[in-house]
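Visitor: I would like to learn how to read a model like this one. Where do we begin?

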Amino acid sequence: MTSTLPSSFPSLSITPDSAPLPISLRIRERLDAAGVAYLANDNISDHLRDGELEQLEIEVAGKVRELLRSLVIDIDKDHNTEETAERVARMYLHEVFKGRYHEQPKIASFPNVKKLDEIYTVGPITVRSACSHHLVPILGNCWIGIKPGDRVIGLSKFSRVADWVFSRPHIQEEAVMILADEIERLCEPQGLAILVKAQHYCMKWRGVKEPQTSMVNSVVRGDFRIDPSLKAEFFELVKQQECMLST
C-alpha cells in the first residue's frame, strides 16, 4: 500500500542556517514555553496546530525507518517491510496512542431529571493500551460503577472515554486514575468506582514470560469510598456481569 501522505510540509520555524526545525521539536518548544507536561500518558491535542499531526506522522515514519535499518532489516528490498514505517507511524498517532494526539470524543451530559440515585455498572468495556516501559500491549476489561449526581451521560460514552484514556502509553495504576478524573469531570457523580483487569505483554511476551498473569486494580470515590455497602454492591455486580459472559 502506497502512503498518501505528502513527502513534506512547509516549515513554520527556520533555524539560522535556514534548515527547518523538526515538527516534534517545534511542538516540544511550544509545550515547554506554556509549562505544559507531555509525559507518555498526557494528552497534548490542545497544543497541536492544523496540519501538525500530518507533519508529525511523516517525521515518525522517518524515525521508524531508521530504527528498522538499525535492526539490520533491508527495507529497500524486503516487500514485507518496505512500508512498515508508514504503517507504524499511522498506528501510533491515530490508533494505539490516539489518546495523546486527538481530542476527547464529544460527550454530552444531561440533567438527572428523575433524580436517580441507585448505582449502576457498565462493563465489561474492552480496554487496550501499551506499557510505557516497553511499548507492548496491555489488554483487558474495565467496569465502571456510578451513583448518579445532578447530570448523567449515555452508557456508550463510558466506552468512548475509556478507549480515549487507555489509548496512550501507560502503567495501569495511572490509567485508572486518569479515567476516574475524566468521568468525574463529565458527569460529577455522587459516587464512582472503576475496576480494571488486564494482561500485560511485558510479562507475557518478554521478561518472566508468565502467560496467565494479570493485574487487577480499582479506584473508588465519593459515596463508594465512604459507604462499604455500596462498594461491596459494585464488586458483586461486577461478578454477576462476569458470570453472564461465561454462560
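**Reading the model**

Guide: Begin with a loop. Val72 sits in the loop between α2 and α3. This is a predicted model.

Visitor: What is the phi of Val72 near?

Guide: Phi of Val72 is near 60°, a positive value in a residue other than glycine.

Visitor: Is Val72 buried or exposed?

Guide: Val72 is exposed, since its relative accessible area is 74%, and the cut-off for exposed is over 50%.

Visitor: Which loop holds Leu135?

Guide: Leu135 is in the loop between β2 and β3 (137-147). Its phi is also positive, near 60°. Leu135 is partly exposed, with a relative accessible area of 44%.

Visitor: Now the helices. How are two packed helices described?

Guide: By the angle between their axes and the distance between the axes. Here, α2 (residues 52-70) and α3 (residues 84-96) pack at about 130°, with axes 8 Å apart. That angle makes α2 oblique to α3. The crossing of α2 past α3 is right-handed.

Visitor: Which residues of α2 and α3 make the contact?

Guide: From α2, they include Leu53, Leu56, Val60, Val64 and Leu68. From α3, they include Ala85, Val88, Ala89 and Leu93. Charged residues take part too, among them Glu57 and Arg65 of α2. By class, the contact has 10 nonpolar, two polar and four charged residues.

Visitor: What does the helical repeat tell me?

Guide: An α-helix has 3.6 residues a turn, so residues three or four places apart point the same way.

Visitor: Which residues of α6 are buried?

Guide: Among them are Gln172, Ala175, Val176, Ile178, Leu179, Glu182, Ile183 and Leu186.

Visitor: How far does α6 reach?

Guide: α6 (residues 172-187) has 16 residues and reaches 23 Å from first C-alpha to last, close to the 22 Å expected. Glu188 follows α6, and its phi is positive, near 45°.

Visitor: Let us turn to the strands. Where is the cis peptide bond near Pro124?

Guide: The bond from Gly123 to Pro124 is cis, with omega near 0°. Pro124 lies in strand β2.

Visitor: Is Val127 buried or exposed?

Guide: Val127 is also in β2 (residues 120-131). Val127 is buried, with a relative accessible area of 3%.

Visitor: What is Val127 in contact with, beyond its neighbours within four places in sequence?

Guide: Its contacts include Ile138, Leu139, Cys142, Ala162, Phe166 and Val196. As for Val165, it is 38 residues from Val127 along the chain, and their C-alpha atoms are separated by 9.2 Å.

Key:
Residues are numbered from 1 along each chain as its sequence is written. This is a predicted model: local features need pLDDT of at least 70, side-chain atom pairs count only at pLDDT 80 or more; totals for chains, interfaces and linings use all residues. Side-chain values use heavy atoms; hydrogens and water are left out. Helices (H or I, at least four residues) and strands (E, at least two) are DSSP runs, numbered from the N terminus. The expected span of a helix is 1.5 Å times one less than its number of residues. Buried means under 20% relative accessible area, exposed over 50%, partly exposed in between (1.4 Å probe, protein chains only). Axes are lines fitted to C-alpha atoms, for helices over the stretch in contact, and angles run from 0 to 180 degrees between N-to-C directions. Angles under 35 degrees count as roughly parallel, over 145 as roughly antiparallel, 65 to 115 as roughly perpendicular and the rest as oblique. A crossing is left-handed if the near helix is turned anticlockwise from the far one by less than a right angle, and right-handed if clockwise. Contact means heavy atoms within 4.5 Å.
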